[in-house]
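Q: I have a model on my screen and would like to learn how to read it. Could you walk me through it step by step?

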Amino acid sequence: MASLPTAFRLLPFAFCLYFAFCVLPLFAAADDEPGITVTGAGEARARPDCLEFDVQAAGAAELSGDAIVKFHERLRRVTDAFQKLGISQLRLEERDLSISDVANEQNPRPHVTIARALRIVITDIHKLPEDDLLSLVGKVMDTAKDMSAGSEQAQQGAVAVRFALGDPKAVRAEACKRAFADAREEGQRLAQLAGGRLGRALSVQDVSSTTTNTTVQETIYAIYGAQLPQPEEPGRIVSNSLKDIPVRVSLRVRFELLESPDQASKTVVEK
Amino acid sequence: ETPAWQFRILLPSDAKAFAQIGMNWGWNAHFPVTEMAPATALDGERVYLNYLGYLLAIDLKTGKLQWRSARLDLGQKVQQNQYHYPEQYNIVVAGDTLWCVTRDVAHLGQHGQPFRIGRWESATGKPGWNSQNIGDLQQWNVMGVPLPAGDRVYVTAAKNGQGAELHALALQASDGKLLWSTQLGTHQADPTQMWNRRSPQPSLLLSGGKLYIDSHAGALVVLDAGGGAIDWAFAYDSSMPDNNNWYNQPAGFTTAGPPLLVGNTLYLKGMRSDRLYALDVAAPKLLWKRPVSESTMLVGIDGDTLYFSGDEVLALSLTDQKLKWASRLPSGTGWLKPLLTADRFYQFTSRGIFELDKRNGDTVRLFRGSDLDSLGGMLFTAADRLLSVSNLAVTAYSLGDAKTRPEADKSAAATVGK
């Protein structure tokens with residue numbers, strides 16, 4: 001039996017690591033540069049316009065020659081199967097190629113596995129009525145399952161599906177704009193409290209993701225003996241459902257703190 | 001795609017009970033019985049099933065039940081005990097006789113209850129002799145697919161309480177008299193203790209007065225069929241099954257196919273072996289061996305090509321032992337029996353029946369069929385019918401007229417083991 005009690009005993013250790021890597025940085029000593037430093041948050045929303053399916057073409061065998069034949073055959077069949085669907089807005093992207101040589105319970109002797117990650121992208125889904133979209137999704141998923149092409153879950157037949165923004169730059173720019181406006185508003189409030197006025201921005205830092213939590217995630221996954229999921233490419237905006245996706249940006253801005261007009265004239269008089 | 005007929009083996013409530021077996025036992029235990037397709041035999045008139053000891057005969061033309069040994073009452077029985085051994089139930093039809101390796105339905109799943117061999121009239125289901133009632137045979141736990149030949153029937157067995165010692169038996173077909181028994185060897189892992197794994201069931205092949213027995217556990221033994229003397233034996237690589245069951249242990253995918261004899265060359269791939277062997281049985285000597293996946297099984301030979309199945313269909317050149325093509329298909333059960341014709345390879349999967357071009361493995365057609373809630377299983381042809389047998393149903397499809405029917409595979413004169 002797996003050591004469940006051991007896993008639970010390690011949980012407090014995992015939480016300590018979480019606090020060390022994720023929470024403590026939030027209390028890091030503030031910089032002591034002059035001016036007003038504020039953090040502004042902005043959000044913009046956009047509806048996904050792409051549908052993505054992650055599939056895989058792989059060949060595994062003890063003999064590398066067999067693995068290569070299986071891999072090429074698989075890649076050809078999977079590619080042909082999706083192209084035969086005749087969907088004009090379907091694009092098949094070949095992505096990572098991985099090669100490994102491992103033994104497992106099913107194959108006690110090390111097997112060479114050659115795998116190519118594939119992404120099927122269907123664009124312009126926002127132009128489709130829902131029924132047409134569902135019909136299209138059904139065709140693609142049936143094809144993926146008929147080919148046993150599920151990514152890393154081929155035996156179970158599951159296919160990873162998600163919605164994505166084809167071009168996230170515009171919505172991200174809008175979120176940045178709103179974050180900056182929020183930072184300025186906060187800065188003005190603080191400047192007033194300080195009896196001064198807000199000057200120009202001296203520095204801007206995007207703090208939308210201060211930590212990737214990669215180290216903590218790696219630790220927790222290692223404790224449970226699981227494989228860490230591959231991180232999403234930076235800048236991509238995805239969702240598991242067809243809904244407006246919020247894009248949130250946090251900016252840390254340092255403004256000049258200027259004297260108020262009253263303070264300035266008082267200074268002149270005192271002189 | 002409308003079937004000619006369909007015979008649902010299990011009631012929906014029983015099917016649901018089967019799917020949930022293991023959940024009551026905790027730690028996500030997997031039982032082979034959840035994916036089994038029943039032992040099946042055909043003659044020109046009927047389909048015969050041995051479903052965990054329940055014998056059924058179904059009319060080939062109409063799909064009507066012609067007789068059964070007892071009313072199926074499985075739901076609770078399979079939940080209560082765990083030693084089901086679905087792979088040990090077998091059925092063969094020879095002439096007007098059914099030969100079955102089976103167990104009293106009252107003992108379904110009970111540890112230590114032996115399997116028996118018996119004969120039944122194929123037309124009526126009337127039972128003939130049964131090893132349970134024959135003094136010399138009562139001590140035997142019978143296993144493997146029986147091989148009727150003339151006035152005899154050959155089978156393998158282990159003595160009760162000595163499950164690791166494998167024997168071959170020759171019985172007189174008319175009355176079950178034990179003609180001879182020969183000890184073949186000793187399993188390293190007692191198959192009678194396996195409840196979470198498919199246990200190895202020997203395959204038998206008779207040719208030229210020799211009985212070839214693949215233990216599917218690392219040995220091929222060749223005996224003189226007349227007297228039972230061992231002629232020669234061949235030990236091959238075979239992994240040891242793990243009789244433990246760990247929490248969330250992934251269920252293995254296991255298939256088993258009999259050896260194939262073409263001329264003097266025997267092709268052999270044991271159930272837990274990751275090697276394909278080609279033996280010259282006349283010499284005898286090993287011709288060659290090559291690695292294959294442990295989960296693959298031999299299907300047939302077509303000229304110079306050997307076909308495998310499992311979760312991948314593979315075509316291997318016998319000339320240079322190189323892989324010609326590979327086609328991965330959805331897998332739901334290891335109880336597979338694909339169909340080879342002159343130019344096609346058919347496999348019944350959980351997504352339907354795949355029709356592959358034998359030249360390159362391309363899918364020519366995917367026939368969804370009418371058994372899509374099953375896990376797939378076995379395919380047979382009989383007259384103008386294509387039959388699929390799954391864990392849930394027997395379904396017959398019309399093959400159309402003689403001109404459009406797939407041509408039977410004639411290129412290989414292979415003797416296929418049982």
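**Reading the model together**

A: Let's begin with the order of elements: along its sequence, chain A runs α-β-β-α-β-β-α-β-α-β-α-β-β-α. Helices (H or I, at least four residues) and strands (E, at least two) are DSSP runs, numbered from the N terminus. This is a predicted model, where local features need pLDDT of at least 70, side-chain atom pairs count only at pLDDT 80 or more, and totals for chains, interfaces and linings use all residues. Residues are numbered from 1 along each chain as its sequence is written, chains are lettered from A and ligands numbered from 1 in the order in which they are written, and side-chain values use heavy atoms, with hydrogens and water left out.

Q: How many helices and strands does the secondary structure of chain A come to?

A: Chain A has six helices and eight strands. Contact means heavy atoms within 4.5 Å. Among contacts in chain A with a separation of 6 or more, 80% come from residues 24 or more positions apart.

Q: What share of chain A counts as buried?

A: Buried means under 20% relative accessible area, exposed over 50%, and partly exposed in between (1.4 Å probe, protein chains only). Of the 271 residues in chain A, 32% are buried.

Q: Which residues have the most contacts inside the largest nonpolar core?

A: In soluble globular proteins, nonpolar side chains tend to be buried together. A nonpolar core is a set of buried Ala, Val, Leu, Ile, Met, Phe, Trp, Tyr and Cys residues joined through side-chain atoms within 4.5 Å. Here the largest core has 51 residues, and those with the most contacts inside it are B:Phe18, B:Tyr51, B:Leu52, B:Leu74 and B:Val394. Setting aside neighbours within four places in sequence, B:Val394 touches residues including B:Trp5, B:Phe7 and B:Leu387. A second, separate core of 28 residues includes A:Leu51, A:Phe71, A:Val112 and A:Ile114.

Q: How many residues of chain B are in contact with chain A?

A: There are 36 residues of chain B in contact with 24 residues of chain A. Buried area is the accessible area (1.4 Å probe) that two parts lose on being put together, summed over both. These chains bury about 2,500 Å² between them, 40% of it on carbon and sulfur atoms. Ten salt bridges run between chain B and chain A. In one of these, B:Arg275 pairs with A:Glu62, with the closest N and O atoms 2.8 Å apart.

Notes:
Salt bridge = Lys/Arg side-chain N within 4 Å of Asp/Glu carboxyl O.
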